[in-house]
Amino acid sequence: MKAFRALALNQVRASVRNRTALIFTLGLAVLFMVIFGLLFGGNGISVSFDAVNNDHSAQSDAYLKTLGAIDGVTLHTKTHAAAFADLKDDSVTAVLVVPEGFGAAVARQGPPQQVQIYQSSAASSGAAISDDVVAQVTAAFAGGGSPSVSLAPPQAAQVNQVTAMDYMLPSMIAYIILFSGVNYIAFGLVEMRVGQILRRFRATPVRAGTILSAQVVGGGLIVLLQILVLVLMGVWVFGARNYGSWLLVIPPILLGTAAFVGIGFLITSIAKTTDAARAMAAMVTFPLMFLSGLFFPMTGLPEVVQVIARILPLAWASDALHQVMNNGAGFSAITTDCLVMAAWAVGAIALATWRFRWD
Amino acid sequence: MIAAEPMLAATRLRGEMADIDVTGLVKRYGEITAVNGVSFTVEKGEIFGMLGPNGAGKTTTLEIIEGLRTPDAGQVRVLGTDVLAHPGTVKERIGVQLQATALPEFTKVREAIDLFAALFRRARPTDEVIEEFNLEEKANAYTNNLSGGQMQRLSIALALINDPDLVFLDEPTTGLDPQARLNIWEVVEGVRKRGKTVVLTTHYMEEAERLCDRVAVIDRGRIVALDTPRHLIAEYAPGTTVEFALVPGLDADTLRGLPGVERVVVDGRVSISTRTPESVLHALLDPQAAWATSGSDGGGEAENTIRDLMVRHGTLEDVFLNLTGRSLRE
């Protein structure tokens with residue numbers, strides 16, 4: 001225990017002192033927030049919808065009116081053909097099709113119906129935000145899934161107006177989990193091996209498991225520290241809001257960190273040199289960053305890419321964080337996300353421990 | 001060539017167990033046999049040196065004894081314990097300095113000592129170690145800002161943090177300037193004074209001669225001789241060595257025919273062992289000698305005279321040269 005504590009402390013201390021690495025990860029996350037904040041305006045979203053109302057009931061009218069009343073949302077009701085023509089030339093972010101029977105479903109007199117969103121191929125973070133807005137308004141109309149609740153007409157004030165900052169904060173938490181998890185563990189361990197530090201430790205009575213777990217726990221603590229700084233900056237400096245529970249943000253962060261620490265660890269068992277580890281880490285992190293819904297929704301991606309992205313843990317971490325922080329979702333909504341990340345963490349760490357090399 | 005075993009039996013004290021007992025050690029890396037049947041013992045309280053050129057198998061042998069590598073054959077007992085069976089027990093009681101001093105990045109001297117202290121069940125107080133190795137001024141400096149000599153002192157300090165009975169130093173002075181080397185020698189002598197057994201590898205003969213009670217001369221994975229430096233010199237480099245630059249037309253066979261010549265090694269320079277240096281020098285410097293006149297045009301100075309002549313007593317360098325036909329530093 002004495003050895004574990006000393007090794008973990010050393011890892012945390014060295015990582016904090018390694019300013020370049022720290023600033024690179026955290027600084028880039030903040031930079032992304034600033035860029036996206038400037039692009040989409042700090043005070044609200046600006047998305048335009050065309051709506052196709054196939055229902056023409058009082059409920060569907062109210063639904064579209066509620067959406068249109070949200071700040072920054074422009075909504076025009078059009079015919080199917082006109083709406084899709086707008087989408088094709090990119091003059092709207094998305095087309096919303098309200099199905100026939102929507103009113104009956106809301107009134108619980110008919111089978112459940114789904115509102116369909118069509119987004120242009122030029123997917124943007126605006127589209128992701130429009131997804132969230134519509135999801136929330138729709139959820140409000142569905143009455144939260146509890147049959148006993150009567151359907152109150154939603155008021156614009158009660159709807160989460162997800163700003164670009166609100167959207168970017170969970171994205172950037174996921175980004176830090178990805179980069180730090182992989183980098184601190186992967187580079188840290190490979191450097192220790194290449195620099196023969198692992199050999200030096202091996203000449204003492206300390207056990208392999210102690211060194212590895214101290215490295216993982218120390219690296220994990222650094223990731224959490226960076227997330228804490230990011231969240232504080234996001235909330236206080238950039239005015240990002242969390243519509244869910246802060247407590248529920250913790251499980252996806254811990255499990256996501258564990259999963260990526262595991263993947264970083266796995267890279268160390270394959271990479272022979274620091275350069276190889278760096279290249280492999282970049283190969284994992286950069287595609288994941290763009291394929292996992294951090295900057296734009298995954299729905300805009302080709303199906304094959306989506307399937308691949310959904311196998312990897314970042315999409316699940318990103319989904320869970322957005323569900324909680326943007327949609328105010330409860331634990332039931334992120335259970336699958338958490339289970340997938342846990343499976344990744346256990347699998348990757350077990351495989352990496354088995355394949356571990358000292359030199 | 002003399003086997004190491006008979007001499008060892010003579011030096012071992014009766015009834016006392018050796019600190020290190022190595023038998024028939026073999027380590028192969030693919031086609032290459034790095035250690036090829038090495039056997040020796042190291043007695044309590046002695047400084048035992050392993051002398052040989054780079055790649056002779058010194059480090060591999062050391063790392064097997066330290067429990068860092070697994071041999072392909074052979075047995076190793078350290079402080080009475082089988083290293084291969086109980087590496088943890090042994091590591092608690094030995095101190096190790098690896099050839100390349102490797103410390104975690106962004107760590108200060110004091111922190112490094114604290115860190116290594118925490119890895120052992122029992123450790124000396126950090127301040128005491130800092131003082132003993134003259135590291136007070138650098139206690140709060142980052143380890144990557146130390147000079148070569150300071151780094152080496154820290155490295156030896158870390159090897160002694162658990163107050164070990166047995167210390168391994170792998171090339172403790174390689175790459176150091178003469179002043180820093182002298183300083184490390186004093187440190188090692190201090191370690192011996194505290195009753196520790198020291199095993200060190202080196203390819204500096206002065207280092208082995210000054211520090212070591214006994215020296216194992218290692219070449220190509222084998223121990224080719226093992227004794228005290230004085231005995232090794234008396235046995236393999238007795239008398240005087242006459243050295244000079246190679247002269248065209250003068251071959252080893254001609255030299256062996258000269259009066260008083262006992263051994264001739266040609267390795268860039270010519271090195272002759274003799275007990276009667278006067279007669280050897282007389283023959284070598286004879287202006288009428290065949291090699292002295294062969295290149296000249298009759299009159300004037302001879303072209304092929306003996307140059308860079310040096311006459312000195314035998315050293316461990318000569319021991320190595322005479323045993324292997326090669327120089328220690330190639």
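Predicted model: local features only at pLDDT ≥ 70, side-chain atom pairs only at ≥ 80, totals over all residues.
Trainee: Why are H7(A) and H11(A) called roughly antiparallel?

Mentor: Helices (H or I, at least four residues) and strands (E, at least two) are DSSP runs, numbered from the N terminus. Axes are lines fitted to C-alpha atoms, for helices over the stretch in contact, with angles from 0 to 180 degrees between N-to-C directions. Angles under 35 degrees count as roughly parallel, over 145 as roughly antiparallel, 65 to 115 as roughly perpendicular and the rest as oblique. The axes of H7 (residues 164-194) and H11 (residues 274-291) of chain A cross at roughly 170° and come within 9 Å; H7(A) and H11(A) are therefore roughly antiparallel.

Trainee: Which residues of H7(A) and H11(A) meet, and what are their classes?

Mentor: Two residues are in contact if their C-beta atoms, placed from the backbone, lie within 7 Å. Among those that meet are Phe179(A) and Phe187(A) in H7(A), and Ala281(A) and Leu288(A) in H11(A). Ala, Val, Leu, Ile, Met, Phe, Trp, Tyr, Cys and Pro count as nonpolar, Asp, Glu, Lys and Arg as charged, and the others, Gly among them, as polar. The residues of this contact of H7(A) with H11(A) divide into 13 nonpolar, three polar and two charged.

Trainee: Are H4(B) and H6(B) roughly parallel or antiparallel?

Mentor: The axes of H4 (residues 109-118) and H6 (residues 148-159) of chain B cross at roughly 20°, and H4(B) and H6(B) are therefore roughly parallel. Their contact includes Ile113(B) and Phe116(B) of H4(B) and Leu154(B) of H6(B). By class, the contact of H4(B) with H6(B) has seven nonpolar, no polar and no charged residues.

Trainee: How do you know that S12(B) and S13(B) pair?

Mentor: Two strands pair if DSSP finds at least two bridges between them. S12 (residues 261-267) and S13 (residues 269-274) of chain B have six bridges, in the antiparallel sense. S12(B) and S13(B) form a hairpin with one residue between them, and Gly268(B) in the turn has a positive phi of about 80°.

Trainee: What makes S12 and S14 of chain B edge strands?

Mentor: The open antiparallel sheet has the order S12-S13-S11-S14 in chain B. S12 and S14 (310-313) each have a single partner strand, so one side of each is left without a neighbour in the sheet. The twist averages 20° from one strand to the next. Four bridges join S11 (residues 240-245) to S14(B), and Glu243(B) has Met310(B) as its bridge partner in S14(B).

Trainee: Which helix lies across S11, S12, S13 and S14 of chain B?

Mentor: That helix is H11 (residues 277-284) of chain B, running at about 20° to S11(B).

Trainee: How many residues does each chain give to the contact between chains A and B?

Mentor: Chain A gives 17 residues and chain B gives 21 residues. On the side of chain A, H1(A) gives the most, with six residues.

Notes
Residues numbered from 1 in each chain as written. Chains lettered and ligands numbered in written order.
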